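The paragraphs below are meant to be read alongside it.

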Amino acid sequence: MDKTRLGIGLVIVVLVVQTLAGLVWSPDATLTGIALAFNAVAAVSTALFVRRGGRAAWAVAGWCAGFFGWHVVGLGELAGWWTTGLDAAFLVASQYQLSVVYQAVMATAAGFAVHLLLPRR
């Protein structure tokens with residue numbers, strides 16, 4: 001399996017897991033709507049990348065970088081390194097340990113997707 005296909009697979013996994021987590025565990029309807037909108041646009045970007053090949057790689061890598069940043073912010077919030085006021089957005093099922101694991105796994109998956117999808121020379 002080549003790096004691009006593995007990266008696309010990671011992007012799809014990240015999008016599906018984030019969408020399910022947002023629908024199942026989000027305490028706020030507005031936050032869920034925003035998350036679903038971001039995930040939908042990222043899914044469209046990924047679909048265009050799959051259809052067109054290398055032309056949309058930067059867009060998909062950009063979305064993954066954003067997802068990576070979001071989950072790193074969540075880890076920092078849960079660890080108490082900084083306060084964003086979005087602690088409810090980062091909690092999964094109101095369980096601290098599960099939330100930390102979720103944020104760490106999602107940040108790692110999104111980070112690897114960025115690494116795999118960045119165009120090479």
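Helix α2 covers residues 29-52, and its 24 residues should span 34 Å at 1.5 Å a residue; the end C-alpha atoms are 34 Å apart, which agrees. The expected span is 1.5 Å times one less than the number of residues in the helix. Helices here are DSSP runs (H or I, at least four residues), numbered from the N terminus. The model is a predicted one, in which local features need pLDDT of at least 70 and side-chain atom pairs count only at pLDDT 80 or more, while totals for chains, interfaces and linings use all residues. Residues are numbered from 1 along each chain as its sequence is written, and side-chain values use heavy atoms, with hydrogens and water left out.

Within α2, the residues Thr32, Asn39, Ala42, Ser45, Thr46 and Phe49 are buried, a term that means under 20% relative accessible area (1.4 Å probe, protein chains only). These buried residues of α2 pack against α1 (3-25), α3 (57-79) and α5 (96-117). Just after α2, glycine 53 adopts a positive phi of about 85 degrees.

Two of the helices named above, α1 and α3, have axes that come within 11 Å and cross at roughly 45 degrees. Each axis is a line fitted to C-alpha atoms over the stretch in contact, and angles run from 0 to 180 degrees between N-to-C directions. The helices α1 and α3 are therefore oblique to each other, because angles under 35 degrees count as roughly parallel, over 145 as roughly antiparallel, 65 to 115 as roughly perpendicular and the rest as oblique. On the α1 side the contact is made by Val11, Val14, Leu15 and Gln18, and on the α3 side by Val60, Cys64, Phe67 and His71; contact means heavy atoms within 4.5 Å.

Histidine 71, found in helix α3, is buried, with a relative accessible area of 2%. The side chains of histidine 71 and glutamine 18 are joined by a polar contact of 2.5 Å, that is, a pair of N or O atoms within 3.5 Å, one able to donate a hydrogen and the other to accept it. Leaving aside neighbours within four places in sequence, histidine 71 is in contact with Gln18, Tyr102, Gln103, Met106 and Ala107.

Alanine 21 lies in helix α1 and is buried, with a relative accessible area of 10%. Not counting residues up to four places away in sequence, alanine 21 touches Ser26 and Tyr102. Alanine 21 and leucine 6 are 15 residues apart in sequence and 22 Å apart in space, C-alpha to C-alpha.

Technical notes: Buried < 20%, exposed > 50% of the residue type's maximum accessible area, 1.4 Å probe, protein only.
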